[in-house]
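Work through the two exercises below with the sequence and the model at hand. Each task is followed by its solution in steps.

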Amino acid sequence: MPRKADNHILPDVLQPDLKLVFCGTAAGKRSAAERAYYAHPGNLFWRALFEAGLTPRQLAPAEFPQLPDYGIGLTDLAKRHSGNDNELPRDAFDVPALIAKIERHQPRLLAFTSKNAARAALGHAVSYGLQNETIGSTRLYVLPSPSGQARGHWDLKPWLALGKLYHAA
């Protein structure tokens, strides 16, 4: 049976000619409840976007549909599940669907918002920053998770470097 986009927890924010698409693992419980990406107050995503110069002001989670105005899109590996990564079913991540979306829309950069998302999509361990591989012509980048639960791994520097790469693209 074909899967329908209307049963996604959060809609993809994708279109041609985006400079940058962020890919997380799955919507957290708060994001699913509010129907907005990175909605938990402890999540640093929206602050990091602003501090990295990717948006002219700090957007609120409910403003996520405005991101294409800044050349930015959003998606997740698990579109039909929500919660912490360790709560998701083993088959929650749909890597072929992600690759198809990126090949179809061809953003200049795809940034994974955690090492876990990048590992799941790429099938191997990764380091933060620009990766050697691509999906089609799309360059890949790995960021520290902005989730409050990953605060021990938080580092704004890779986000700042992504902002420079974004503006150079």
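Predicted model: local features only at pLDDT ≥ 70, side-chain atom pairs only at ≥ 80, totals over all residues.

Residues are numbered from 1 along each chain as its sequence is written, and side-chain values use heavy atoms, without hydrogens and water.

**Exercise 1.** Determine the strand order of the open sheet and state which strands stand at the edges.

*Solution.* 
1. Take helices (H or I, at least four residues) and strands (E, at least two) as DSSP runs, numbered from the N terminus. Two strands pair if DSSP finds at least two bridges between them.
2. The five strands run in the order β2-β1-β3-β5-β4, and the pairing is mixed.
3. β2 (72-82) and β4 (129-135) each have a single partner strand, so one side of each lacks a neighbour in the sheet; these are the edges.
4. Val-21 has Leu-110 in β3 as its bridge partner.

**Exercise 2.** Find the buried residues of helix α4 (residues 115-122) and say how they are placed around the axis.

*Solution.* 
1. Count a residue as buried under 20% relative accessible area (1.4 Å probe, protein chains only). In α4 these are Ala-117, Ala-118, Ala-121 and Leu-122.
2. They cover an arc of only 110° around the axis (from the directions to the C-beta atoms), which puts them on the same side of α4.
3. With contact meaning heavy atoms within 4.5 Å, these buried residues pack against β1, β2, α3 (95-105), β3, β4 and β5.
4. Just after α4, Gly-123 has a positive phi of about 80°.

Technical notes. Buried < 20%, exposed > 50% of the residue type's maximum accessible area, 1.4 Å probe, protein only.
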